[in-house]
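User: I am new to this structure. Please take a close look at the aromatic side chains and how they pair, then move on to a helix contact.

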Amino acid sequence: MKCMMEDLPEPLLGEVVKRITRASDRKSLSLVSKQLYTLEAEHRDAIRVGCGLGPATQALKSLFSRFPNLCKVEINYSGWTSSHGEQLNKQGLCVLSSHCPLLSDLNLSFCSNIDDSGLAYLSCCMKLRSFRLISAPAISWRGLSLVVVGCKLLSVLHLVDCMAISIEEWLVYLGTYGSLEELVVKDCKEISQYDLLKFGPGWAKLQKFEFEINGYYWATAPRDPSYVAGYPYSYDICCENLKDLRLAHIVTDKEIGLRSLLGKCKALETLCLEYVFGLDENEMIALFQSCSNLKIILLRLMPLRFYSEHKREYRTALTDDSLKALALSCPMLQVVEFTFTYCFPDYPTQIGFTQNGIVTLIQSCQIRALLLNGANIFYDYGMKGLSTSKSLETLELVDCNSITDAGMDFIIQAPCLSNLTLRKCARVTDKGMAMLARSGKLESLTVIGCWQISQMGVLGAAKSVQYSAKVESHDSLKGMKTQLSDIDVF
């Protein structure tokens, strides 16, 4: 094999090396001969390093010298302790910028030793298009400004848990002179939703935007300095190219802030709204009516107080009127998640949707994947309605305690269903699993925290089964953060 490989022309051999994508396979290949060692290094365009790399600066210099054509570099110190040795510092970033002339994608995660002076070296990376900065406590707006101004081709920017970065002028510069297409800001306490409105003309170029804050966001929400009570409230924002929008854990009431984006989007394909306080149903209906390309929608809702001239209600913000608008105006819809938090079974009107409204939506569109979480208004009869869907392939039921074994008997009749997940569904038992097993049609089944379902009970219910008896925490259930280490796979 070695002789046959080495007899190939070098360009053809290079193509063979490119097609080997697994890192372990490429490492094995490089050990075959000196020629393949050199060739593999020349064609390596991506690398990921972490805690085991030390001392960092010397090790990086050695790595980057061996792999001169790197385009994508990820440095991740998640789980780092002092026993792992020296972390990446500004000298390491100097090595990175000088040894990787083709660098276009850089991800720096949990790098606590880098500061603004280190980011100054990155401003020399003229081909940098994507920059992800995660948990970098020493980086401020000054260091980020150097990257933004120096890297003219920057089109993707992620800032996550960067507590010292505020807006200042870097976002205004990006909006005016940059070409940013993707902006993600999560848990950056010095950046509020109102600061992001300073992006100005940059919104017109943006295709993906995410903003998320955590903690007690409803109690510590910042105020909009431009809001004046009694005066019209609007922002001059154009975001008609925005295809992917996610807003999580923000308050938008009188000071509507980023909620103003919802009235401007025409090209949305993915919409995720997670516990956004202040949603207006009329705005949402208008949004659905103008987004005929919408393919994915995720709504996580909790009940709030609503007042009108005739009545006072305590329910989630959206009703079946929104579902009807989705069904009529979004024919390309394929993936749906509805999560309800703090909605109690004894008070079904706390959920604005009805069972019939959800079933009608699924029957009206070509929905391939549906997730219902905390849907206490969804019963076995609703499962019967879902079973008539000719496109439903994946169903996940979380904290749906109105569904019983009878629901399993109904849903297994769905012609295309192949993947089923049950999490904390207290009324489904081993009897329901036996029904699934008899049908023999499921490709995969996941059962987590369903106390009436045993590990023996799920055997044979699908070709691939994942099982855990552990009950997830409320935050995990509603945030969809399953601990895979607690799941047995067989």
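**Aromatic pairs and a helix contact**

Analyst: Phenylalanine 209 has 0% relative accessibility, so this residue counts as buried. The model is a predicted one. Tryptophan 203 is also at 0% relative accessibility and therefore counts as buried.

The whole structure holds five aromatic pairs. One of them joins tryptophan 203 and phenylalanine 209. Their ring centres lie 4.9 Å apart, and their planes stand at 75°, so the pair is edge-to-face. The cut-off for that class is over 60 degrees. Trp203 and Phe209 also belong to one aromatic cluster with Phe199.

Next come phenylalanine 340 and phenylalanine 353. Here the ring centres are 6.0 Å apart and the planes are at 80°, so this pair is edge-to-face. Phenylalanine 340 sits in strand 13 (residues 335-340). Phenylalanine 353 sits in the loop between strand 13 and helix 13 (355-364). The pair therefore ties together parts that are 13 residues apart in sequence. Both phenylalanine 340 and phenylalanine 353 are buried.

Now the helix contact. Helix 8 (residues 141-150) and helix 9 (residues 170-177) have axes that come within 9 Å and cross at roughly 15°. Helix 8 is therefore roughly parallel to helix 9. Their crossing is left-handed. On helix 8, the contact is made by Trp141, Leu144, Ser145, Val148 and Val149. On helix 9, Trp170, Tyr173 and Leu174 make the contact. By class, the contact of helix 8 with helix 9 has seven nonpolar residues, one polar residue and no charged residues.

Notes
Residues are numbered from 1 along each chain as its sequence is written. This is a predicted model: local features need pLDDT of at least 70, side-chain atom pairs count only at pLDDT 80 or more; totals for chains, interfaces and linings use all residues. Side-chain values use heavy atoms; hydrogens and water are left out. Axes are lines fitted to C-alpha atoms, for helices over the stretch in contact, and angles run from 0 to 180 degrees between N-to-C directions. Helices (H or I, at least four residues) and strands (E, at least two) are DSSP runs, numbered from the N terminus. Angles under 35 degrees count as roughly parallel, over 145 as roughly antiparallel, 65 to 115 as roughly perpendicular and the rest as oblique. A crossing is left-handed if the near helix is turned anticlockwise from the far one by less than a right angle, and right-handed if clockwise. Contact means heavy atoms within 4.5 Å. Ala, Val, Leu, Ile, Met, Phe, Trp, Tyr, Cys and Pro count as nonpolar, Asp, Glu, Lys and Arg as charged, and the others, Gly among them, as polar. Rings of Phe, Tyr and Trp (its six-membered ring) pair if their centres lie within 6.5 Å; planes under 30 degrees apart count as stacked, over 60 as edge-to-face and the rest as tilted. Buried means under 20% relative accessible area, exposed over 50%, partly exposed in between (1.4 Å probe, protein chains only).
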